[in-house]
Amino acid sequence: MIPLNEPRIAKNALKYVTDCVQTGWISSAGAYIEKFEINFAKYLGVKHAITTTSGTTALHLALASLGIGEGDEVIIPALTMMAVPFAVLYTGASCVSIDVDSEIFNISPEKIKSFIEKNCSYNPDTKQLINKYTNKHLKAIIPVHTYGHPCDMADILQVAKKYSLLVIEDAAEAHGAEYHKDISGKESNKDTISHKAGSMGDVGCFSFFANKIITTGEGGMLVTNSDGIAEKARVLKDLCHCPERRFLHTGVGFNYRMTNLQAALGLAQLEEIQDDIKIKREMAQMYNELLKDIPGITTPIEKPWAKSVYWMYAILVEPDFGISRDSFMKRLKEQGVDTRTFFIPIDKQPFFNKKICFSDGDCSVSNSLSEKGLYLPSALTITKKQINKVCSSIKKISQKL
Ligand SMILES: *Cc1c(COP(=O)(O)O)cnc(C)c1O
C-alpha cells in the first residue's frame with residue numbers, strides 16, 4: 001500500500017534526541033526548547049515562538065492569551081479540522097462558521113464581510129461587533145491555511161481591522177507557505193514581498209504532529225510579534241506560576257509544555273524544512289502533470305500570490321468522472337493506493353448543536369468540497385515511482401468507466 005503520509009526524519013534527529021537522553025534533560029527545562037523556539041521564530045520572521053504540546057493546545061493557548069471566553073464568538077471556516085472549533089469551545093466562547101472558497105478551500109473573505117454586514121451591528125466607539133441573532137460579541141477570526149495553501153490574508157486582515165477583530169492564523173498545515181502580497185494595505189512591489197503563513201495575524205499556530213511538514217511526534221507552536229501576548233501565553237502554558245514565588249498562581253493555567261526530547265527532534269526537522277518543502281512542491285508538480293488530462297478530476301491550484309507547501313495533494317472528483325468519490329477511493333485501495341476524504345463540515349458532526357456554532361446557512365461550497373474532495377498519497381518519503389503508480393491506477397480506473 002502506498003501510504004497517505006509518513007514522516008521524514010531529519011539527519012540530526014537521532015544525535016539531538018540521544019543528547020537529551022544521555023544528559024538526562026528530558027523535561028521541558030532542557031536547552032533544545034529555547035533553541036527550537038528561537039530558530040522557529042527566526043525562520044518565520046516573528047519576534048516570539050512558544051512551544052506547546054500540540055496544534056490544538058497552541059490554538060487554545062492563543063485564544064486564552066487573547067482573552068477570548070464566554071459570551072464571545074470566533075469566526076472559523078465551515079470546512080476545517082475540528083481542533084479549530086474545539087479550541088474555541090474550550091474557552092467558553094462559541095463559533096460562527098463561514099463558507100470557504102471553491103478554488104483554494106480557505107475561508108472566504110467576501111463571505112466573512114457579507115456575513116457581518118447582514119447579521120451584525122458594529123459600534124465604532126466601543127469597537128464592539130455584536131451578532132444580532134445571538135447577542136454575542138464577535139472577537140476574532142481563525143483563518144486556516146488549508147492543505148498548505150495560504151489564505152488571502154490582505155483581505156482578511158482588512159475586514160479584521162474594519163471591525164476590530166483579532167486574527168489567529170492556523171498554519172498547522174502550512175509551515176513555510178508564503179504569501180506575496182502587501183498586508184499593510186499600501187501598494188508596493190509584490191515580487192519582493194514575502195510573508196510566511198502564521199506570521200501575519202496577531203497570533204499564528206502550528207502543529208508538529210507526525211504527518212505535518214515538520215514534526216516533533218506530537219507538539220505545537222504559538223508565534224506572535226506582540227510582547228504582551230507572548231508573556232501571557234508563556235505564563236498560561238505553565239500553570240500561571242507567579243514569577244516571584246513558585247506555587248502562588250496568578251490564574252487558572254494549563255500545562256502545555258513541550259518536552260526537550262520533542263524540541264530536539266523539532267530542531268533537527270527545522271534544519272531541513274527547505275528540503276521538505278522542495279519535496280512537496282516537486283510531488284505536486286509531478287501529480288499536476290500526470291493528472292491534467294483526466295476528465296472529471298480537478299487538480300489543486302496555486303494562486304499567483306501564493307507559494308503552497310502542498311501538505312496534502314488534494315483533488316476533486318467531479319460528477320463527470322463517472323463514479324462517486326467513495327467508489328473511486330475503494331477502487332484505488334484495491335490497487336494499493338491509500339487516500340483520505342476532505343474534512344467534514346462542523347454542522348454535519350455528531351457533536352454539533354446550534355448553541356456552539358452559528359451559521360447564516362450558506363455553506364454550499366464547504367458541503368460540495370466535502371463530498372467531492374480527497375487527497376492522494378503525499379508523504380515526504382514518496383518516490384517518483386510511487387507517484388507514477390498512483391497516477392497510472394487513476395488512469396486505469398478512469399479509462400474503464
Ligand atoms: C493538525 C491540525 C490541527 C491540530 O494539531 P494537533 O497537533 O493534531 O493537535 C489544527 N488545525 C489544523 C488545520 C490541522 O491540520
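The largest cavity of this predicted model is lined by Glu 103, Ile 104, Phe 105, Thr 146, Tyr 147, His 149, Pro 300, Ile 301, Ser 308, Tyr 310, Met 312 and Ala 314. A cavity here is a set of points, on a 1 Å grid over the protein atoms alone, where a 1.4 Å probe fits but cannot get out, and lining residues have an atom within 4 Å of a point. The lining comprises 8 nonpolar, 3 polar and 1 charged residues, with Ala, Val, Leu, Ile, Met, Phe, Trp, Tyr, Cys and Pro counted as nonpolar, Asp, Glu, Lys and Arg as charged, and the others, Gly among them, as polar. About 100 Å³ of space lies within the largest cavity, the volume being the space filled by probe spheres set on grid points joined across faces, edges and corners. The structure holds 1 cavity of 30 Å³ or more.

Because domain 1 (13-271) and domain 2 (273-399) both contribute lining residues, the largest cavity lies between them. The domain bounds come from an automatic or database assignment. The C-alpha centres of domain 1 and domain 2 are 25 Å apart. Their contact (heavy atoms within 4.5 Å) takes 52 residues from domain 1 and 40 residues from domain 2.

Polar contacts are pairs of N or O atoms within 3.5 Å. A backbone N or O atom of Gly 55 sits 2.7 Å from a ligand oxygen atom, and a polar side-chain atom of Ser 207 is 2.7 Å from an oxygen atom of the ligand. On the side chain of Asp 170, an N or O atom lies 2.7 Å from a ligand nitrogen atom. Taken alone, the ligand exposes 380 Å², of which the protein buries 92% (Shrake-Rupley method, 1.4 Å probe).

Residues are numbered from 1 along each chain as its sequence is written, and side-chain values use heavy atoms, leaving out hydrogens and water. Local features need pLDDT of at least 70 and side-chain atom pairs count only at pLDDT 80 or more, while totals for chains, interfaces and linings use all residues.

Methods: 1 Å grid on protein atoms, 1.4 Å probe; cavity = no way out; pocket = protein on both sides within 12 Å on 5 of 7 lines; lining within 4 Å. Polar contact = N/O pair within 3.5 Å; in protein donor to acceptor, adjacent residues only side chain to side chain.
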